[in-house]
Amino acid sequence: MSEQPPNTTSDAGAPVASDEYSLTVGAAGPVLLQDAYLIEKLAHFVRERVPDRVYHVKASGAFGYFEVTADVTQWTKAAFLSEVGKRTPMFARISSVAGEEGYADTLRDVHGFALKFYTEEGNYDMVGNNTPVFFVRDPMKFPDFIHSQERMSDTGLRSNNAQWDFWTLSPESAHQVTVLMGDRGTPRTLRNMNGYSSDTYMWENAAGEKFWVKYHFKTEQGIENFTDAEARAMVAEDLDYHRRDLWEAIARNDHPSWRLEMQIMPYEDAPNYRFNPFDITKVWPHKDYPLIPVGRMVLDRNPENFFAQVVQAGFDVANFVPGIGPSPDRMVLGRMFAYADSQRYRTGPNYAQLPVNKPINEVHNYNKDGPMRYHHNGNQPVYAPNSYGGPRADPQRYRDPSWFVESAEIMRTAYVPHKDDDDFIQPGTLYREVMSPPEQARLVENIVWHLSQGVERNIQERAVKDYWSKVDPDLGARVADGLGLGSSAR
Ligand code: NDP
Ligand code: HEM
């Protein structure tokens, strides 16, 4: 190589004299405090981390695009969905949930499916999972659920006992736990799984008509899963198997893709639908609300810098664009607070100015200053209202997405029940009508193995009697047999 590489500089850009040697008094003398470059290097080194996400720590990330493949303007006025063929740049962060950065990718876990669409009307973030449902339906229980999955405060170990204690005392978790313990709890790769919004959102068209919607991103690579044994064997072979697979596929131009299909419920259907459509522990059966094609997402570019683009990526469930909004799903409403709060804690109040988080359109508002702010609007007025040409919100043009709420007392209570709002109906359907006999057998095996790892007898009994037997009596009996519990436990 004939070309000289650039000379190393300090962070202020001044050339430095050595990458290898500290400034010392002679060859045997002490290191000097005046070695400003050494001090800068060590001080920067100990500040290399930002706090981890509270969960969904380990992830892969990739850039790509979303292309509209069908006319959906009858349901939404979102500009990025306005025309067949329209492409929007995007970023995806696909994560596991419970473990830390060094955790094994293939261990049984739910996987996050967080998407950022850089639209001309601002960033739209769709933060879902690879499962269509979730463990709890009220944000009040969310931290407790996550605590039950984390390392325990005394041993520093994860505890199956805590997990089954929480799950069996929270019957609404049965549907998600059935999915998690089934084949889809151990996807072969991140490319071989679907993504779902799980939550229900609102779409609104140009005429102001509203619809309740669920997003389904269907893998075009096909669903493929590891068996439990394969997934555990891979832990010994490659802790980073999923991350490596996604990176290598994109690097060899084998770009993974997903079809976006939506379930769309007319606004008026919600009160009388047989399931509460806003309860995230339920799906909308396909025969009630068939999937409607919308578009296709392709991931075609690996990140250049993992920290800057994947770790510091900040998704926010409250990042909607006109034509898309929240619904009465309580989890969505709780999540609309938590994500930006987490970004402000992890990377600071100006996290949205980082390149991976920055919208492609211009930002105009009255937020100012704060640590690490570099984007500004010059001498724009810093208060509203003002007489000097500062940005002005137009309520005729943009309205907050809304719905009608009946006049009611403020209270803490469960959702108003719908006819079929039973926690066990849908997991029972999954077990009996969707899973094949070999899948059922693997489900039983996985549950029995998981319940055998340090779970107290009384919790095993509760898992049989108050949980799996209610999902399905045959499933309960098979789990009881596997655990060596007598028929009285069922
Ligand atoms: P369908 O027969 O129309 O749908 C069943 C769906 O189950 C499939 O389309 C597939 O979802 C998914 N599936 C297949 N194998 C598994 C598995 N091992 N673990 C988890 N999901 C699997 O029936 P319904 O719509 O009436 O739903 C029946 C049950 O299927 C539900 O109670 C729910 O447990 C499950 N399901 C339903 C979904 C929905 O949105 N309606 C979505 C996913 C699961 P996909 O096509 O998304 O791959
Ligand atoms: C990450 C809170 C429910 C999917 C996070 C983070 C917080 C959080 C604080 C870290 C954000 C960050 O620092 O970047 C909550 C709360 C919930 C909830 C309070 C319930 C009320 C859910 C549900 C889903 C979900 C139901 C899926 C449907 C994710 C994903 C990430 C995440 C995928 C990782 C995002 C990324 O890749 O950066 N959540 N969450 N969460 N959550 Fe949730």
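Reader: Is Y55 buried or exposed?

Author: Please note that this model is predicted. A residue is called buried when its relative accessible area is under 20%. Y55 has a relative accessible area of 14%, and therefore counts as buried. Y339, at 18%, is likewise buried.

Reader: Which protein donors does the iron atom of ligand 2 have?

Author: The iron atom of ligand 2 has Y55 and Y339 as its protein donors, each through its OH atom, at 1.9 to 2.1 Å. Y55 belongs to the loop between α1 (36-45) and β1 (59-68), while Y339 sits in helix α8 (residues 330-346), so the two tie together parts that lie 284 residues apart in sequence.

Reader: Which backbone atoms does the side chain of T219 approach?

Author: A polar contact requires a pair of N or O atoms within 3.5 Å. The side chain of T219 reaches the backbone oxygen of R191 at 2.6 Å. A polar atom of this side chain also lies 3.0 Å from the backbone nitrogen of Q221.

Reader: Where does T219 lie, and is it buried or exposed?

Author: T219 lies in strand β7 (residues 210-219). With a relative accessibility of 9%, T219 is buried. Beyond its neighbours within four places in sequence, T219 is in contact with several residues, including N192, M193 and W258.

Definitions and conventions
Residues are numbered from 1 along each chain as its sequence is written. Chains are lettered from A and ligands numbered from 1 in the order in which they are written. This is a predicted model: local features need pLDDT of at least 70, side-chain atom pairs count only at pLDDT 80 or more; totals for chains, interfaces and linings use all residues. Side-chain values use heavy atoms; hydrogens and water are left out. Donors are N, O and S atoms within 2.8 Å of the metal (3.2 Å for Na, K and Ca); water is not among the atoms, so sites may look incomplete. Helices (H or I, at least four residues) and strands (E, at least two) are DSSP runs, numbered from the N terminus. Buried means under 20% relative accessible area, exposed over 50%, partly exposed in between (1.4 Å probe, protein chains only). A polar contact is a pair of N or O atoms within 3.5 Å; within protein, one must be able to donate a hydrogen and the other to accept it, and residues adjacent in sequence count only if both atoms are side-chain atoms. Contact means heavy atoms within 4.5 Å.
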